[in-house]
Structure formats: C-alpha cells, structure tokens
Amino acid sequence: VGGGSERTFARLAEYGSAWLPSAVPPKELGAQIDRMRQVTGTATPVTVFGSDHEQETLDIYAELGVERVLLSLPTLSEGDALNELDGLAALVAAHR
C-alpha cells in the first residue's frame, strides 16, 4: 500500500502486506515507519521507490530496516546502461 497518511496506515493494517512510502526524505522516514507500525501492529516490510543514488541515503535506509530500495535507471544506450548498472551494483553491494 502506498502513501503516508493515517488513512494509508489504516488501509495497510486491513489489506496490505508491505508499505511504499511517498516521497519521504530518508531522515524523516524513521518516524513514519514507527507510526505505521504503531497503527498496523506489525513489522510491515517497507519498500522505498525512486531513491537517490547516494551511499549515505542507502545507509540510512539500511539502518531503518527498509527491506527494498528501488533505484531508477534512465533511458540510455546499451553500453551506457550496462555501465550505469555496474555503478548501481557497486553502490548497493554493501547492503546485499
């Protein structure tokens, strides 16, 4: 279930099996996770969509127990896309 409102958390408690927060800065996500888990009463998994590609950001998400971080891949030529994927693989290697 995506979103970050109290209604979202209520829907998550009733219907969801994972949470996709909407545009919450990494340093503010911990409080949102705590509130979401208060409302749901569970350790609902968290997936972040559209994260920046900064190591510090990924480190914060790891510390918060975020289960998945979905990184964007721009439209590139095949060679450039492969190079970008190599860079992303190196970026996330510490968190595998």
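Student: How far apart are the mean positions of the positive and negative charges of the protein?

Tutor: Start with what counts: Lys and Arg are positive, Asp and Glu are negative, and His and the chain ends are not counted. Each charge is placed at NZ of Lys, CZ of Arg, CG of Asp or CD of Glu. In this protein there are 7 positive and 14 negative charges, and their mean positions are 12 Å apart. Keep in mind that this is a predicted model, where local features need pLDDT of at least 70, side-chain atom pairs count only at pLDDT 80 or more, and totals for chains, interfaces and linings use all residues. Residues are numbered from 1 along each chain as its sequence is written, and side-chain values use heavy atoms, with hydrogens and water left out.

Student: Which pattern does the protein follow along the sequence?

Tutor: Helices (H or I, at least four residues) and strands (E, at least two) are DSSP runs, numbered from the N terminus. Here you will find four helices and two strands, in the order α-α-β-α-β-α. The C-alpha atoms fill a box of roughly 45 × 25 × 20 Å along the principal axes.

Student: What share of the 96 residues is buried?

Tutor: A residue is buried under 20% relative accessible area, exposed over 50%, and partly exposed in between (1.4 Å probe, protein chains only). By that rule, 27% of the 96 residues are buried.

Student: How many aromatic pairs does a search of the whole structure find?

Tutor: Rings of Phe, Tyr and Trp (its six-membered ring) pair if their centres lie within 6.5 Å; planes under 30 degrees apart are stacked, over 60 edge-to-face, and the rest tilted. The search finds one pair. Phe9 and Trp19 are its partners, edge-to-face, with 5.3 Å from centre to centre and 75 degrees between the planes. The pair links distant parts of the chain, 10 residues apart: Phe9 sits in helix H1 (residues 6-15), and Trp19 in the loop between H1 and helix H2 (26-40).

Student: Are Phe9 and Trp19 buried or exposed?

Tutor: Phe9 counts as buried because its relative accessible area is 1%. Trp19 is buried too, with a relative accessibility of 1%.

Student: Which residues touch the most other members of the largest nonpolar core?

Tutor: A nonpolar core is a set of buried Ala, Val, Leu, Ile, Met, Phe, Trp, Tyr and Cys residues joined through side-chain atoms within 4.5 Å. The largest one has 14 residues, and those touching the most other members are Trp19, Leu29, Ile33, Met36, Val46 and Val66. At least two residues each come from H1, H2, helix H3 (55-64) and helix H4 (78-92). H2 gives the largest share, three residues.

Student: What does Met36 touch?

Tutor: Contact means heavy atoms within 4.5 Å. Setting aside residues up to four places away in sequence, Met36 touches Phe9, Leu12, Trp19, Thr44 and Val46.

Student: Where is the place of Val48, and what is it in contact with?

Tutor: Look at strand E1 (residues 47-51), which holds Val48. Val48 is buried because its relative accessibility is 6%. Beyond its neighbours within four places in sequence, its contacts include Leu20, Pro21, Tyr61 and Val66. Val48 and Pro21 are 27 residues apart in sequence, yet 6.3 Å apart in space, C-alpha to C-alpha.

Student: And in helix H3, is Thr57 buried or exposed?

Tutor: Thr57 lies in helix H3 and is buried, at 8% relative accessible area. Ala62 also lies in helix H3, but Ala62 is partly exposed, at 40%.
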